[in-house]
Every structure is written in C-alpha cells, then in structure tokens.
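The exercises below are meant to be worked with the sequence and the 3D view side by side. Try each task before reading its solution.

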Amino acid sequence: MAENVPAGAESVPVLEVIENPDEESVVREFETLPDSMPVLPLRDTVAYPDTLAPLGVGQERSIKLVDDVLAANRMLVMVASREPEEDAPDPDQLYDVGVVGVVTRMLKVPDGTIRILVQGSQRVELGPYETGKPYLVAGIREIPDMIEESPELEALTRNVQRTFSEIIEQIPYLPEELQMAVTNVDEPSALSHLIAGALRISTDEKQSLLEEVDVTKRLRKLSEILARELEVIQLGSQIQSEVQSSIDKGQREYFLREQMKAIQAELGEEDEQVAEANELRERLEAANLPEGALQAAERELSRLEKLPPAAAEHGVIRTYLEWLVELPWDKETEDNLDIEHAKKVLDDDHYGMEEIKDRILEYLAVRKLNPESPGPILCFVGPPGVGKTSLGKSIGRALGREFERISVGGVRDEAEIRGHRRTYIGAMPGTIIRALRDAGSNNPVFMIDEIDKMGSDYRGDPSSAMLEVLDPAQNDTFRDHYLDVTYDLSDVMFIATANVLDTIPGPLRDRMEMIQLSGYTADEKRHIARRYLVPRQIKANGLKTKNIEFTDPALTAIIEEYTREAGVRSLEREIGTVCRKVARVFAENDGKGKKVKVSGKRVRELLGRRRVFSESRRRTKVPGVSTGLAWTPTGGDVLFIEATAMTGNGKLVITGQLGDVMKESAQAALSYVRANAGDVAPGVDEKWFAKHDIHIHVPAGAVPKDGPSAGVAMTVALVSLINGRPVRNDVAMTGEVTLTGQVLPIGGIKEKSLAAQRAGIKLVILPSRNEGDVDEIPEHERADIEFRYASKVGEALEIALAHE
C-alpha cells in the first residue's frame, strides 16, 4: 500500500535511483490503454490526472508491483482505499475509480522502503479484478471528462482560481509557485485536478471530485469546498491573531518585567510585591505547616500575588499569612523529666504546697514512662496572694517549658477566646492563638488567670468557648475563627486559677482537676517572708543585704499587727514600705551609714500605729457574744455573733447585712433554744421569751454575709445571753444547726482554722462529721489549735460556755 510523501522526501539517503529518460514517449505509447493493469492501493490520498504524486511504498507486495512495473512499461493504476487502516486491502475495500500513472522516478532508502514519483494520466474505472497475488491486477475502462463551454464554466473557473489564490496567501504549507501555476492553467479540468490535489480535505471529498466527470459540476463542488476552507482559514487566522496579540502582550509585559528586574538588580533593588510574595513563600516552607493549613496558606498566597498592593484585601491576606507562619506548628521544647530537678525548683520557689508539688511530680513520672500522655488541665483554687500564678511559672521552669499567662477575668466576648472571623474589620486571633505565638512553642505551660470571673452577654458565652480549649477530647482540633484551620493544643499544659468555684459553670469545672490552696499560717508567712519577700523587696528598693536586716520579731509584728490576709501580698507591701523608709535614709546620706537592723520596735516606728487587733478576748467578756468562723473568697475570717434582749413581746430582730440563709439560721437557733429552754437554760422563767425582744447582730455591717455555718455560734450566743454566762474567749466555732439540735458538717475547714490561728484562738469546735477534714490540714498548722467535735448543740454548749 502506498502513502503520499510530502515535499522534501528526496532528501532521504538514496541507495539507488532509477529514472525514466523519456517520460513523454511512455505516455504517448499508451494513449490506447491495455485491458488490465497492476493496481497500487493508496492510503489517505487520492491521485488525479495530470498531476505528479510522490508516494512512499513499504508493503512487500506493493514493492514487488513497483519492481515489475519498472521492468515493464512503468504504468500502473492508483486507487484510494476505503479503509486506510488496512495494510493489504481487498478489491471490495478499494474505490471503483482510480488514475493511471507512469512511474517517473524511484528511490530506495536504507529502511527498505521505496519512494516513487508517479505522473497521473487518464481516469479509469476498475473491474473486474483478475488476481490477488502477488499483487492486485484489475481490468480498466477509461472515463473521459464531459466538458461544455459556457459562461458558467468560465465564471466557476475564475472563481476557483481567485479563491484558491486567497487560500494560498493564508496557508503556509502551500508554496507560492502553486499560485503562479494555477494562474497559468486555463483548461478547467486540469485546473480542478491541480487544486483538488493540493487541498487537505477528506479522502471521501477528494474521491467524489475525482469521480465527477462533468467538469462544470466538479468546479461547482470545488468552489463550495474552497469557500468553506477559506472561511475556516479566515476564522482560524482571526483566532490566531487574537491569541498572538495576547501572547505578544504577555511577552511584552514579560520582557518589560525582566528588564525591570535587571535594572533593579543592577541598582540593588527588587520589586516590593514580588519580594513580599517570595519572602512569605519561603517562610511558609520553613514553617512546616500541616497539610490543611498549608493548603489554606497556598490558596491565600496565590490570591495575594494577583492583588495590587493598593487593594483593601491585600493587607488582610498578608496579615493572615504572617499569623500562619509565626505560629509554632512543629516547634516544641523538650521536657526536663528529671524529677529531682523539678522537686528542687518547686521547693526553691515555694514554701509548703506539698499537694501541688506532688501532683506535678506525678505528672513528670507519668510523662517519663509514657511520653505520649496528654498534659494535665489543673485549676488552682484559693484566696488572692497565696501564689497561684507564681506557682504556674515555677512549673514551667521545672518542666523546661515556655510559660504564658492570659487573663480571662471580665471577658464577655466569645471572640476573645476563639478569635474574630476575617470578614470583620480589625479581625485578629483569640487569646489562645496569640499566646501560642508569643510562647514560640506548641507545648508551653498556659496559665489562665481568673477563670471564675468570666462573664457572658449578647456577644456570646466565653466559658462555653473555653470548653473546647480545656477538653482533652476536643482540643487536638481547636479551630480559631480567624485562622479557620485546626490547631493541636493537646501538648499544652493548662493551669487555671480561681478564687471561688461557685461562679465556674459546671461543664467547665468538670473538665479541670481542682487543687485547693488555703491561706498561710503565721509561721509559714515568716518563712516565706524570710526566703522570698525580704530579699525581693531589698533588691527592688535599691538596697543590699549589708544595708538592712529583718529580725523574726519584726516579721512577726508585721504579720500580726499590720496585715490580716490569707496570702502574703499585704505582707510584701509592708516589708516594701519599711525598705523604702530605710532606703530614704541611705539616699539622704549618699549611700553611707550603718546597717539597719529592723526589730519589732523599729517596725512600729516606721509603720505607725497598729492596724489589726485580736478582739475575741475583749468582745466575749460579756454574755451574748460568741466567736464564729466564716469562709470568704479571700480566705477564712473570724465572725462575732452578738445577741441582746430588751423588754418586748417576743420579736426577733436580725441585722448586719445578712443573707437569707443566715437569717434562717438565726431563726432556727432561736426556735431550738425556746423549744429546749429547760435543758439549755434551766433557771430561766418560761415566760421570758414572751416578755423580751431578741436582737442578733453580726458586726461589720457593710460586708454582706451569708451561709449556714454560723448556726452553732448563734445558738451559743443566745444561750450565753439567756444564762448570763459569757463564752470562753479562746473558743471559736462553726457548724450548721437544725431544729432538733443536730450539728451538720460544713466546708472550708482549713481556711477557717487558719483564721482562728491568726485571731489567737486556741480551741475550735467543729461538727463531728468534719473530723476527717482536719486530717488534711498539715500537722504543723494544727500544732497551736485544739479541735473539739460536736454532733449535738448541747456538746458545743458544754465546751463553749465558761464555767461559773
């Protein structure tokens, strides 16, 4: 099977060249065609009369055919195949009309194929086929053209010439010489054959032109084909022009940019926008973002590169990308799991607090055995000034982690925790993400201060937003509204602080491990002042240890006479006051002078009159006054209950800004005493209560008070009043009382015992069911106080009332 060979095929290396020395004589010799001729099938091409056809021959039978033809009269029939995929088509796979041709040149090439140049002559109809081997041979019958001169024929001829000339001008694969040849051909049939052979149209269309014997009809068909091709070419040219214009514009901009880059490079400058995008891309690659965050960053960076710097969104996207690259996605500090080191750090920084220290050491032990264990979520609950925040710093130092503190006191907006969505002007991440950025590692110690003082309003409930942060089952996929990608908080060690638990919502409280911090005893305060407060204040006030020294009596005087608190903040302030006054003396003498030894007497000279007094002895000298113990958010406190009677008709008056629960306790105490007057006050007339009004007052009326734990103290005060027997001045009591005389347990035992110790109380009466709580108080804190227990009011009265 033969294929059409494009121009330039003669450049292939030639092994042998065979030419026809007298081509014209061969054609003239066979003006009368034989009855049959060898058939050369053509693939994807059609040969026309009066045209030269370069063909490539590769099939073995076709090569045999060419060899036989060259050895004989050089003539064969070229016919197109209906199925070009078939290498050796059968007669029924060939068209019925072909062209007789004369082989004028043959080239043999190294790959074993041959190239032939065939001059087409007559159009013939094939059939029947005589033999199929070694190649096809068919009978032939010449089909002459039918031509009738007419104006239409002339018009079609000119139209075809003009249209084809336009096509040649726009198609690069057609040579300009072809235009000249078309112009010089006047014979309509030869013109149609020349143009049809040059066009790249389908084989079916080419074959239909070949089979059309009426020259006028053939030219009309050819004119339609040319018009269609010209329209397609013009449309293609238009498209190409538009594309080229776009490409030229892009190339022009590219070259200008490259020139600008070269100029900027020569001047040592760089395009700010490109430099900005490149810098952000380098930082993103160095940040090792997780897959989700990296996809979001690349998407936003792509948008940034397309935006002009003046666009409003440009700064928003840049700020967002900077937040992403600044977060410590894979940066973490290595935990120091040396338990002895951690114990030393905690002991150096804080006195006491054994329960908390043990809890931290337990965490280190677990972390050492299981490095994948999640960080604990602790909540330190205690009065102000007991060292909750400073303890968090010490924990961070003991673990070798970064420490970050965030305060949520007064926070009412959920966005403060989760961040603002980027649709808002001035949006920024929440405090959690901001603190992580500041920490520079993904496993810091987070101190969330004042978690009990979060509020809520129409902007949301921040305590609910905090649930996701403090829930180990959720915080590994924490999603800040601003970043809108997940961030893993599971390696963060969260420590919250609170003064009271009542204001913390139940679901949030359930996610934290509560550790209570009570106040300090006077002895603990002395140790803390000696080890921490005094050196710190000496340094803060520009003094040195050679300038000033505090004696133990001086510290005791400050603790007992100038402060009343659970923590040590006021104590540190008073020590600072003493240091400032001493510093003034040294400053006035140009830093010269003897070392100042601060004694108890010198403290009173420097700080002035005493501010705190122990009034329990003075107040309980008269009947009707008892000493109660109360729990407050700032620690335990002493509460005096005063009762008096005057002539009346049995009314009860309660004052002192008491809450409903405390008023009910007073009513219950009076009801119990009246119902059991024969037992608690045997010498009193039965009509005494009907003839007297009773007034119960709790001093410090400006301070709101509430709670059931003053029931026992109120009952003792009433019995003391009725009997005329004063309450022992070294006794304080707490407990809830019932109408049947039962003493019910209460809370805050440690805080109340510390308050009693500060007030100089030697004996504390507690409900019997609180005996186990006393065991939790460290032994050194129980040394100066005797605890007695009562399950009935009568037992408390027996202990509390002074014997006559």
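**Exercise 1.** In this predicted model, determine at what angle H18 and helix H20 (residues 569–588) pack, and how far apart their axes are.

*Solution.* Begin with the geometry: the two helices pack at an angle of about 45°, and their axes are 10 Å apart. Next comes the handedness, and here H18 passes H20 in a right-handed crossing. On the H18 side the contact is made by Lys525, Ala529, Leu533, Val534, Arg536, Gln537 and Ile538, while H20 contributes Leu571, Glu572, Ile575, Gly576 and Cys579.

**Exercise 2.** Decide whether Ile538 is buried or exposed, and list its contacts beyond four places in sequence.

*Solution.* Ile538 lies in helix H18, which spans residues 522–540. Its relative accessibility is 6%, and since buried means under 20%, Ile538 counts as buried. Leaving aside neighbours within four places in sequence, Ile538 is in contact with Leu543, Lys544, Thr545, Ile548 and Cys579, and Cys579 is one of the H20 residues in the helix contact described above.

**Exercise 3.** Find which residues touch the most other members of the largest nonpolar core, and which helix gives the most to this core.

*Solution.* The core has 70 residues, of which Leu55, Ile116, Phe164 and Ile195 touch the most other members. Helix H7 (residues 215–267) gives the most to this core, with seven residues. Taking Ile116 as an example, its contacts beyond four places in sequence include Leu40, Leu55, Val66 and Met106.

Methods:
Residues are numbered from 1 along each chain as its sequence is written. This is a predicted model: local features need pLDDT of at least 70, side-chain atom pairs count only at pLDDT 80 or more; totals for chains, interfaces and linings use all residues. Side-chain values use heavy atoms; hydrogens and water are left out. A nonpolar core is a set of buried Ala, Val, Leu, Ile, Met, Phe, Trp, Tyr and Cys residues joined through side-chain atoms within 4.5 Å. Buried means under 20% relative accessible area, exposed over 50%, partly exposed in between (1.4 Å probe, protein chains only). Helices (H or I, at least four residues) and strands (E, at least two) are DSSP runs, numbered from the N terminus. Contact means heavy atoms within 4.5 Å. Axes are lines fitted to C-alpha atoms, for helices over the stretch in contact, and angles run from 0 to 180 degrees between N-to-C directions. A crossing is left-handed if the near helix is turned anticlockwise from the far one by less than a right angle, and right-handed if clockwise.
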